[in-house]
Amino acid sequence: RGYRTLYRAAARFRTASRLPVDGETAEYLLQVHDVAQLYELWCMFAVVRAVRSVLGSPRRMARADTGDLQATLRQGATAEWPGVRVSYNRTFRRGRGSWSLQLRPDVTLEIKAGPNQGLHLMDAKFKLSHLPTADTDPTHPVNADLAKMHAYRDALTGARSAWVLYPGTEGRWLTPSGWPDGLGAIPLRPGAHADLQHVVRTLLRPDAVPQSG
C-alpha cells in the first residue's frame, strides 16, 4: 500500500499542469527525488540477490561509491559467478554488441554456457498501465515499455530474452519460438520477489519452463 501511494504521489507531481512553486524549484525537486532512479538501483540488487539464491555468493562484486550524502553505482558495475555475470547499465555500442545504435539496458544477466546461454536483459520501469483504485486491483506493464524490450532483443547480438521490471502485479511472457527466446514483464516490488526468483532460477537451472501467454 505504501509503495502504491508513493507511485501515485510521484505520478501526480510529474503530470500536474500547475505547481505551487517556481520552475527552478520544481526542477530541483524532481532531480533530487528521483524515485525511478532509486527503483532502477533497487532492481539491480534484487536481480543479484535472486542469482545469489541459486548460485551462492558471487566471486566478485562491484562496490557502490559512497560519500557523506549519497551512494552511487557506476555504469558497467558487475557481480560475477563462474559462467554468469550481472551488469548494471552495461553499454552495447554499435558494431560491438549492437548492430543499430548504442543501447544501455538497466540490468544484463549474461549466461555463458548451457541451454539458456546468451544475454537476458532487464529494464526497470517505475510505471503502471493505470493507477489502481483498490489494493486488490490487478496492475499491468505499459505497452510502450514492452515495445522497448523488442528493440533490445532485436538489436543486441546474443540477446535471448528481454524483460520489463515494474511495480505491478501481473506478469507477461511473449515468445516467437519457445522459452527462453522472447520478452515479458516481471512484477517486482518490496516484499514480492517470487516472479523474479522464478525467472532467474529457470534461466540458471532450466528444470522448469514458464508457460507462455
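With a relative accessibility of 0%, S161 counts as buried (buried means under 20% relative accessible area, exposed over 50%, and partly exposed in between, with a 1.4 Å probe and protein chains only). The model is predicted, so to speak of a local feature takes a pLDDT of at least 70 and to count a side-chain atom pair takes pLDDT 80 or more, while totals for chains, interfaces and linings use all residues. Residues are numbered from 1 along each chain as its sequence is written, and side-chain values use heavy atoms, with hydrogens and water left out.

S161 sits in strand β10 (residues 159–166); here helices (H or I, at least four residues) and strands (E, at least two) are DSSP runs, numbered from the N terminus. Its side chain makes a polar contact with the side chain of W163, at 2.9 Å. A polar contact is a pair of N or O atoms within 3.5 Å; within protein, one must be able to donate a hydrogen and the other to accept it, and residues adjacent in sequence count only if both atoms are side-chain atoms. Leaving aside residues up to four places away in sequence, S161 touches L119, H120, L121, P180 and G182, where contact means heavy atoms within 4.5 Å.

Eight strands make an open sheet in the order β1-β4-β5-β8-β9-β10-β12-β11, and the pairing is mixed. Because β1 (60–61) and β11 (172–178) stand at the edges with a single partner strand each, one side of each is left without a neighbour in the sheet. Two strands pair if DSSP finds at least two bridges between them; β9 (residues 118–124) and β10 run parallel and are joined by 6 bridges. Across this pair, M122 stands opposite W163. Two helices pack on the sheet. Helix α3 touches β1, β4 (78–81), β5 (84–88), β8 (107–111), β9 and β10, and its direction makes about 170 degrees with that of β5. Helix α4 (residues 143–155) touches β9, β10, β11 and β12 (181–187), at about 155 degrees to β10. For these angles, axes are lines fitted to C-alpha atoms, for helices over the stretch in contact, and values run from 0 to 180 degrees between N-to-C directions.

What about α3 itself? The 21 residues of α3 (residues 35–55) should span 30 Å at 1.5 Å a residue, and the end C-alpha atoms are 30 Å apart, so the two agree; the expected span is 1.5 Å times one less than the number of residues. Among the buried residues of α3 are Y39, C43, V47 and V51. After α3 comes G56, with a positive phi near 90 degrees.

Nonpolar side chains tend to be buried together in soluble globular proteins. In the largest nonpolar core, with 53 residues, V47, V51, V86, L165 and L196 touch the most other members, and α3 gives the largest share, 11 residues. Such a core is a set of buried Ala, Val, Leu, Ile, Met, Phe, Trp, Tyr and Cys residues joined through side-chain atoms within 4.5 Å. Beyond four places in sequence, L165 touches residues including Y39, C43, V47, M122 and L196.
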